[in-house]
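User: I've got a new model open. Can you walk me through it?
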Amino acid sequence: MKVMVVGSGAREHALAWKIRQSPRVEQIYVAPGNAGTAVMAHNLQLRPDNIEGLAAAARDIGIDLTVVGPEAPLAAGIADRFQQLGMPVFGPTKSAARIESSKVFARALMQKYGIPCPGGTAFSSYDEAREYIKSQTPPVVVKADGLAAGKGVTVVSSTEEALTALSEIMESRAFGDAGSSVVVEECLTGQEVSLLAFTDGRTVVPMVPACDYKRLLDGDRGPNTGGMGSYSPAGFFDAKLTQMVTRTILEPAVKALAAEGATYKGVLYAGLMVTAGGPKVLEFNARFGDPEAQVILPRLRTDLLDIMLAVIHNRLDKMDIRWSGDAYVGVVMASGGYPGSYKTGFPISGLDSLDDDMLVFHAGTKHGEDSRIRTDGGRVLTAAARGKNLAEARARAYRNVPRIHFEGCQYRSDIAAREVN
């Protein structure tokens, strides 16, 4: 089979790496890919939002399956278009992907179908949102409705901060049209965890849980990012909790979408807060998480291609999906200045000095004219280490990460620290 992975991040590198392990795969193409995918696949110079260009390439090359990594093309309807053209695609339709592309829609769905979530209200009027915030007792959470590359959620500890966040979203349009509406929610306390699942619209099979780190700096300080690291498994989130969330959140969400005329097929991601009152949904995503994919996929023992085909052909109930008991810790290495403005084009050294079993998934990288790998984005690499437990994986990750160098490099030094201390 020929497979095309859409996207350019570390998640897409991890997807291509895992799919390539299938004996059924002849060739992999990644659009547009990065310096890491260029080594193990054919990169296609096509942007993920160029749906017609991707469809034409898939037809010309004879692609047997297209796997969509990022949320933006899903929200734009890439799965609908490929299905229309009779080309197999892994990822939900535009209407199903609204569970991620509109926080207002997701909240209304959860409230209508009794899926546990924080208290809160959606607003399309800036004045009404402002008055509501003034009536609330901080801390609160202010969310841009649409897609904002993981940066549209602000947790604030004062009314003044909340009003500033609201103004940036709705008046200054810091996230463009994503800020035409907002959701203002109560701030939940507890432990965060990501539980992803494969679903063909009927059967829901949870993956192993993972935890990610949204804030830039150690101790969960600094601005929100697309994710600065992750680990799996999560010691506090056992098999019993996984079953409970599958029964009370994941399966009801898939059924709710079907009831609303949007059969969901692909990966459904639930970002959860495990509160004293039980797990509640912070957000839904319509695809693999990044950086969670980089620590979940290495633990998958079952052929990922087989799972994806089972999802497409409504045979997920026939799959026996198995996972390794190993632990993985992934550390994201980012450009100086990220998530604000940053410079690119710096050479990356040390990639050949790592332990043999280290996994390095590329994101913002490219080959320069001198053939050296250079930085080309905000999040540059995810270095993922394996261990028989989290302590071993964490020690290995932080033994290897300092061997990788590029100008301005920044990374958190506390990934999985809470779990092992």
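Analyst: Let's start with helix H3, residues 51-61. Its buried residues are Ile-51, Gly-53, Leu-54, Ala-55, Ala-57 and Ala-58. Keep in mind that this is a predicted model.

User: What covers the buried residues of H3?
Analyst: Both strands and helices. The cover includes strands S1 (2-7), S2 (27-32) and S4 (65-68). It also includes helices H4 (71-75) and H5 (78-84).

User: Which residue just after H3 takes a positive phi?
Analyst: Gly-62. Its phi is about 85°.

User: OK, switching to H13. Which of its residues are buried?
Analyst: H13 covers residues 390-400. The buried ones are Leu-390, Ala-393, Arg-394, Arg-396, Ala-397, Tyr-398 and Asn-400.

User: And what covers the buried residues there?
Analyst: The cover includes strand S15 (229-232), strand S18 (327-334) and strand S22 (379-387). Helix H14 (417-420) is also included.

User: What caps the N-terminal end of H13?
Analyst: Asn-389 does. One of its side-chain oxygens lies 3.2 Å from the backbone nitrogen of Ala-391.

User: Next, Thr-225. Where is it?
Analyst: In the loop between strand S14 (221-224) and S15.

User: Is Thr-225 buried or exposed?
Analyst: Buried. The relative accessible area of Thr-225 is 0%, and buried means under 20%.

User: What does the side chain of Thr-225 reach?
Analyst: The backbone nitrogen of Gly-227, at 2.9 Å. A polar atom of the Thr-225 side chain also lies 2.7 Å from the backbone oxygen of Lys-214.

User: Zooming out. How many helices and strands does the protein chain have?
Analyst: 14 helices and 22 strands. Buried residues make up 58% of the 421 residues.

User: What about the overall dimensions?
Analyst: The C-alpha trace spans about 55 × 45 × 40 Å along its principal axes. The radius of gyration is 20 Å. For 421 residues, a compact globule would be near 22 Å, so the chain agrees with that.

User: How much of the contact set joins residues at least 24 apart?
Analyst: 68%, counted among contacts between residues at least 6 apart in sequence.

User: Last one. How many positive and negative side chains?
Analyst: 46 positive and 47 negative. The centres of the two sets lie 3 Å apart.

Notes:
Residues are numbered from 1 along each chain as its sequence is written. This is a predicted model: local features need pLDDT of at least 70, side-chain atom pairs count only at pLDDT 80 or more; totals for chains, interfaces and linings use all residues. Side-chain values use heavy atoms; hydrogens and water are left out. Helices (H or I, at least four residues) and strands (E, at least two) are DSSP runs, numbered from the N terminus. The radius of gyration is taken over C-alpha atoms; the globule rule is 2.2 Å times the number of residues to the power 0.38. Buried means under 20% relative accessible area, exposed over 50%, partly exposed in between (1.4 Å probe, protein chains only). Contact means heavy atoms within 4.5 Å. Lys and Arg count as positive and Asp and Glu as negative; His and the chain ends are not counted. The place of a charge is taken as NZ of Lys, CZ of Arg, CG of Asp or CD of Glu. A polar contact is a pair of N or O atoms within 3.5 Å; within protein, one must be able to donate a hydrogen and the other to accept it, and residues adjacent in sequence count only if both atoms are side-chain atoms.
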